[in-house]
Every structure is written in structure tokens, then in C-alpha cells.
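Biologist: I'm new to this one. Could you walk me through how to read it?

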Amino acid sequence: MCGIIGVSNHKEASKIVFLGLYALQHRGEEAAGIVSFDGKDIHVVKNPGLVDDALDEKAIEELKGKVAIGHCRYSTTGSSNVKNIQPLLVTHRNIPIAVAHNGNLTNTEELYQKLEEEGSIFQTTMDSEIIVHLLAKTQNGDLKEWFINVLSQLKGAFSLVLLVGDTVVGARDPYGFRPLCLGKKDDGYILASESCALDLTQAEFVREIEPGEIIFIKGNKIESCHLPTSAKHKAHCIFELIYFARPDSNIFGENVYYVRKRLGAQLAKEHPVDADFVMAIPDSGNYAALGYAEESKLPFEVGFIRNHYIGRTFIQPSQFLRDFRVKVKLNAISEVLKGKRVIVVEDSIVRGTTSRNRIQELRRAGAKEIHMRISCPPIISPCFYGIDFPSKSELIAANKSVEEIAKFIQVDSLEYLSLEGMLSVVKNSPDFCHACFSGNYPVEIPKNASKYVLEGRILK
Ligand code: AMP
């Protein structure tokens with residue numbers, strides 16, 4: 001998963017991108033980068049780490065020009081190495097081209113093989129680099145024809161922000177898996193993964209980029225066209241609403257905060273239980289827990305205090321680091337928990353390891369009964385469209401029944417929201433992809449589904 005942003009026609013383009021990346025930090029904590037263009041020279045800064053570590057204000061001063069794009073990365077294709085930091089930057093026929101990609105292509109291997117046979121030399125192990133090679137090979141006609149030609153060859157999930165000379169280009173795959181919106185700031189325009197990036201830079205929300213739309217922003221002029229390969233229906237990722245996006249964002253025509261509250265309320269309707277209070281596993285469970293408490297008319301308490309100096313625990317490439325960060329992140333308040341029957345709301349269970357640790361902490365703090373409620377259905381199938389849901393073997397619900405998971409996590413009861421219940425809280429449920437819960441994949445999945453499909457083909 002990743003965060004992407006682009007700014008056109010603004011004298012502080014790279015500063016706005018820099019600030020926007022802070023707002024999008026939750027979408028990727030492994031690396032960050034910005035590319036800007038001043039009409040003559042291209043400027044680039046990219047480094048591993050959080051936005052604050054990867055990019056500093058002095059470096060941003062050097063990123064001159066009125067157009068800039070940025071990216072923060074969580075690897076879903078390719079390993080976490082320096083070569084794989086985006087935006088990817090090349091110069092082709094004297095035009096600088098930079099690409100920032102969110103999502104996963106599903107025809108990576110086929111396109112890679114074809115391009116390599118035709119002479120392309122790859123530098124990274126990311127599916128995103130394929131887009132650069134296709135752009136270099138297919139250039140003919142005007143910008144629109146060029147992009148329609150290239151993007152029609154891609155399958156799977158892509159929200160893109162590109163810089164092509166002094167034009168900022170935005171695009172979404174025909175299913176609209178990942179979000180992308182357009183904002184306006186002074187005379188300039190902003191493209192961003194989520195609307196919270198617009199709020200931070202005090203830009204006005206204009207609209208979402210439509211599934212299958214390509215938008216070209218040059219100066220303060222916007223043109224748009226659509227890919228001819230239209231999808232039968234949309235397939236917005238429902239997990240963005242459940243967990244991934246920030247609650248202060250509006251995506252897919254929904255406010256994320258209210259969707260999460262409605263998920264919690266629906267969960268309370270489906271799985272009530274008598275208890276002293278409702279609490280969340282912060283931060284991800286907060287909003288569903290509020291909805292659950294409101295619906296069940298039970299008090300809401302804070303049983304865990306979050307250490308804010310530590311990021312999202314799953315956004316760590318190795319299990320060792322994940323385990324360490326899980327422990328350091330939350331502390332239980334025993335004065336609140338001692339002798340109490342508690343309902344603990346969490347947004348989802350993926351591997352089950354975090355949840356198990358959390359429940360142990362609650363027991364240690366003295367909770368008497370623990371009833372866990374999950375604001376989505378069991379995750380039974382991997383994601384091939386950009387969420388790092390690993391192979392079936394790592395997904396606990398693909399291998400254990402709900403009762404077995406309850407035993408593993410050591411709770412007195414465990415209940416999940418139903419698929420129908422989850423879909424009932426969004427405005428237009430047929431427009432959502434729920435493959436991770438149902439196994440119904442809207443786009444054909446790749447034969448080789450490894451995150452490292454291109455690894456080993458490239459010299460390190
Ligand atoms: P666990 O109990 O170990 O499955 O951890 C569950 C918590 O991690 C929940 O808050 C999940 O929403 C969150 N999470 C979100 N995305 C992922 C992911 N791709 N891999 C693992 N955990 C994730």
C-alpha cells in the first residue's frame with residue numbers, strides 16, 4: 001500500500017507535496033520521495049524511513065518548480081530496498097517522467113517478460129517500473145492517446161500520479177480499487193490518495209478521479225479522458241474503509257469515520273453481549289467501538305493507552321520487528337480493567353498475533369471476561385490488489401474456525417461482523433471489492449502471486 005500526491009501550478013509545489021505526505025504517512029512508512037520540475041531541471045529527494053526522516057525541510061528547498069509529485073511506500077511488490085523507492089524517475093526523449101503508484105498490477109509477470117524480450121532493462125523489482133517502460137515504448141500521438149495506449153495494457157489495481165515534463169497526470173484503474181481525489185489550492189491543483197492530504201494543505205476538495213479516468217493538469221488547465229477498457233462494475237477496496245484510510249478522509253463517496261461507526265453499530269446488532277463496558281484496540285478499533293457502544297447503550301472506556309511515538313505495527317517487513325513494536329505500542333490501564341467484563345472491538349484480525357498479545361495484556365491488567373468483536377468478516381483470502389494480506393497459510397481465518405481463533409487468542413467469546421452486515425453500511429455495496437472476505441476476485445488473479453515476483457531477476 002502507498003500514498004501518492006501531485007501538485008501542479010503552485011510556486012510551493014514541493015512544500016505542499018511534503019506536507020501532504022505527512023497526511024498520507026499511514027499508507028506507507030518504509031520510504032518517501034518527491035520529484036519536482038522547474039521547466040529546465042528535474043529535482044529529486046528520496047530516502048528510506050518515515051516522511052520526517054526521509055525528507056527534511058532543507059532538501060525540500062532544493063526541489064524547485066511549480067510541479068511536483070510524491071510517494072510514501074509500503075512494499076506490496078518488491079522488497080524494501082533503496083532502489084525500490086518512488087517516485088521512479090527517468091528521462092525519455094528529453095522529457096522527464098516520474099511515476100508514483102498505489103496498488104498492485106496483476107499481469108506483472110507477463111508484461112515484464114514481454115518488455116524484457118523486447119530489450120527493456122529493469123532497475124527495480126517493482127511492478128510500477130513496468131509503467132515507465134511501457135511509456136517509453138509506446139509514445140505516439142498526443143498525451144491522451146499515449147496514456148490510453150499504455151494504461152490499457154495494465155491489469156489489476158492502480159491509482160497513479162505522474163509527472164510528464166510540466167504536466168501532472170492522474171489515473172485510476174477501471175475498477176477504482178484504490179482512492180484518488182482532486183483538490184484546488186490557489187491557482188493550482190492537487191491530486192492525492194486521500195482527502196485528508198487536502199485538508200492539511202488547506203486545499204478545497206473538488207472531486208474523486210473516476211474509475212478508468214485519466215486526468216491531465218498543465219498550468220491551471222485540466223483535461224480528462226477515460227480508458228476504453230471499462231469495467232462491468234466498480235470494485236473499491238472495502239478494507240480501505242474498514243482499516244486502511246484515515247478516518248478524517250472522504251473516499252469512495254463515503255466519510256471513513258462514519259462508515260467505521262456504522263460497522264460498529266451493525267456489529268452490536270448482530271453480536272450483543274452483556275458486559276461492563278466497550279473498549280477499542282486503538283487506534284484502528286476506536287471508531288467501530290464507539291458505534292458498538294452507542295448502539296448497545298453500554299459505556300465506552302479507554303482501556304489501552306497508545307504510545308504515539310510508534311507507527312502502525314504491521315507496516316514492518318519482518319515478523320520480528322512486528323512483534324517488538326506490538327508490545328511497545330499499547331499499555332493497558334489496570335485501574336480501568338480490574339475485575340471487569342469487557343467488550344473489546346478491533347477492526348480486523350489478519351494473522352492473529354497482534355490480537356493475541358493485546359488480549360494477554362488485558363488479562364495481565366485484570367480483566368475478568370473478554371468478549372472480542374471484529375468489525376469485518378473473517379479474512380480468508382489473500383489480496384492481489386495492493387493490501388499486504390499474505391498467503392492463505394498466514395491468514396488465521398483461512399485455517400481456523402472462529403471457535404479455534406477464539407481459543408488461540410484466549411478470549412471468552414469472539415464474533416465477527418457478517419459479510420451482509422458489512423455491505424449494508426456502505427451506500428452502494430455492489431461497487432465494492434470484498435475478495436479478502438468472500439474469495440470473489442473481480443479481476444483475474446496472477447499465476448505467480450508472490451510479492452517478490454520480480455526479485456532475483458535484478459542484480460542487487
Ligand atoms: P493481527 O491480530 O496480528 O491479525 O493484527 C490485526 C491488526 O493489524 C488489525 O488492526 C488489522 O487491521 C491490522 N492490519 C491491517 N492490515 C494488515 C496487514 N496487511 N497485515 C497484518 N495486519 C494488518
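Modeller: Let's start with a term: buried means under 20% relative accessible area, exposed over 50%, and partly exposed in between, using a 1.4 Å probe and protein chains only. K218, at 48%, therefore counts as partly exposed. This is a predicted model, where local features need pLDDT of at least 70, side-chain atom pairs count only at pLDDT 80 or more, and totals for chains, interfaces and linings use all residues. Residues are numbered from 1 along each chain as its sequence is written, and side-chain values use heavy atoms, leaving out hydrogens and water.

Biologist: Which residue does K218 meet in a salt bridge?

Modeller: A salt bridge is a side-chain nitrogen of Lys or Arg within 4 Å of a carboxyl oxygen of Asp or Glu. Here K218 pairs with D166, at 3.2 Å from N to O. K218 lies in strand β12 and D166 in the loop between β7 and β8, so the pair ties together parts that are 52 residues apart in sequence. Strands are DSSP runs of E, at least two residues long, and helices are runs of H or I, at least four, numbered from the N terminus. D166 is partly exposed too, at 36%.

Biologist: Is E254 buried or exposed?

Modeller: E254 is buried, at 3% relative accessibility. Its salt-bridge partner is R262, at 3.1 Å from N to O, and R262 is partly exposed at 34%.

Biologist: How many salt bridges are there in the whole structure?

Modeller: A search finds 21. R27, R178, E194 and E240 are linked in a network of them.
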